[in-house]
Amino acid sequence: QVQLVESGGGLVQAGDSLRLSCAASGRTFSSYGMGWFRQAPGKEREWVAAISRSGGNTYYSDSVEGRFTISRADAENTVYLQMNSLKPEDTAVYYCAATSRPAIIMMLKKSDAVNYWGKGTLVTVSS
């Protein structure tokens, strides 16, 4: 069992940066691929980024490629999402996710690959 708790959301202006954190419980954090999803009001949840167990491979959706960076610190049981050049369309609840499968499967299978979800943190980007 893995429990995920997100933090770092808030209200920012377009062009600003924000870093989200996801703290995981348990001693097996390093055995999970990790990722971030988001859900904007009235829209379906969409996959944003994923990182492999080793941290050596990262994957991004086209909408955030070049602006967002996912990273992990296994010693801290934490995964991060650094978000730069934020746009109003980035406004959403951001969810941390863990998968027991390779992280690339999270990119391919989206929510179907997720074993554990956090409860989310709200990011609002004003224009």
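Mentor: A residue is called buried when its relative accessible area is under 20%, exposed when over 50%, and partly exposed in between. Please keep in mind that this is a predicted model. Tyr-95 has a relative accessible area of 13%, so Tyr-95 counts as buried.

Trainee: Is Phe-37 buried or exposed? And into which class does Trp-117 fall?

Mentor: Phe-37 is buried, with a relative accessible area of 0%. Trp-117 has a relative accessibility of 31% and is therefore classed as partly exposed.

Trainee: How many aromatic pairs does a search of the whole structure find?

Mentor: The search finds three aromatic pairs. One of them joins Phe-37 and Trp-117 in an edge-to-face arrangement, with 4.8 Å from centre to centre and 65 degrees between the planes. The pair links distant parts of the chain, since Phe-37 belongs to strand β4 (residues 33–39) and Trp-117 to strand β10 (residues 116–117), 80 residues apart.

Trainee: What is the geometry of the pair formed by Tyr-95 and Trp-117?

Mentor: Tyr-95 and Trp-117 are also edge-to-face, at 6.4 Å centre to centre and 85 degrees between the planes. The criterion for edge-to-face is an angle over 60 degrees. Tyr-95 is in strand β9 (residues 92–99) and Trp-117 is in strand β10, so this pair ties together parts that are 22 residues apart in sequence. Phe-37, Tyr-95 and Trp-117 form one aromatic cluster.

Trainee: Over which rings does the charged end of Arg-45 sit?

Mentor: A charge is assigned to a ring by its distance from the ring centre and its angle to the ring normal. The charged end of Arg-45 sits over the ring of Tyr-95, 3.8 Å from the centre of that ring. The charged end of Arg-45 also sits over the ring of Trp-117, at 4.4 Å from its centre.

Trainee: Let us turn to the chain as a whole. How many helices and strands are there in the protein chain?

Mentor: The protein chain has one helix and 11 strands. Read along the sequence, these elements follow the pattern β-β-β-β-β-β-β-β-β-α-β-β. The radius of gyration is 13 Å, close to the 14 Å given by the globule rule for 127 residues, so the chain is as compact as a globular protein of that length. The C-alpha atoms fill a box of roughly 40 × 25 × 25 Å along the principal axes.

Trainee: What share of the residues is buried, and what share of the accessible surface belongs to carbon and sulfur atoms?

Mentor: Buried residues account for 46% of the 127 residues. The accessible surface comes to about 6400 Å², and 46% of that surface belongs to carbon and sulfur atoms. As for contacts between residues at least 6 apart in sequence, 59% join residues at least 24 apart.

Trainee: With which strands does β3 pair?

Mentor: In a regular strand the side chains alternate between the two faces of the sheet. Here, β3 (residues 18–24) contains Ser-21. Strand β1 (residues 4–7) pairs with β3 in the antiparallel sense over four bridges, and Leu-4 has Ala-24 in β3 as its bridge partner. The pairing of β3 with strand β8 (residues 78–83) is likewise antiparallel, over six bridges, and Ser-21 stands opposite Tyr-80 in β8. Five of the seven residues of β3 are buried, which leaves that strand mostly covered.

Trainee: How is Ser-21 itself placed, buried or exposed?

Mentor: Ser-21 is buried, with a relative accessible area of 17%. Leaving aside neighbours within four places in sequence, Ser-21 is in contact with residues including Val-5, Ser-7, Trp-36 and Tyr-80.

Trainee: Which strands hold Phe-68 and Ile-51?

Mentor: Phe-68 lies in strand β7 (residues 68–73) and is buried at a relative accessible area of 2%. Phe-68 and Asn-84 are 16 residues apart along the chain, and their C-alpha atoms are separated by 6.0 Å. Beyond its neighbours within four places in sequence, Phe-68 has contacts that include Arg-38, Val-48, Tyr-60 and Tyr-94. Ile-51 is found in strand β5 (residues 46–51) and counts as buried at 2% relative accessibility. Among the residues that Ile-51 touches, not counting those up to four places away in sequence, are Met-34, Ile-70, Val-79 and Ala-103.

How values were computed. Residues are numbered from 1 along each chain as its sequence is written. This is a predicted model: local features need pLDDT of at least 70, side-chain atom pairs count only at pLDDT 80 or more; totals for chains, interfaces and linings use all residues. Side-chain values use heavy atoms; hydrogens and water are left out. Rings of Phe, Tyr and Trp (its six-membered ring) pair if their centres lie within 6.5 Å; planes under 30 degrees apart count as stacked, over 60 as edge-to-face and the rest as tilted. Helices (H or I, at least four residues) and strands (E, at least two) are DSSP runs, numbered from the N terminus. Buried means under 20% relative accessible area, exposed over 50%, partly exposed in between (1.4 Å probe, protein chains only). A charge sits over a ring if NZ of Lys or CZ of Arg is within 6 Å of the ring centre and within 35 degrees of the ring normal. The radius of gyration is taken over C-alpha atoms; the globule rule is 2.2 Å times the number of residues to the power 0.38. Contact means heavy atoms within 4.5 Å. Accessible areas come from the Shrake-Rupley method with a 1.4 Å probe; for residues, only the protein chains shown count as cover. Two strands pair if DSSP finds at least two bridges between them.
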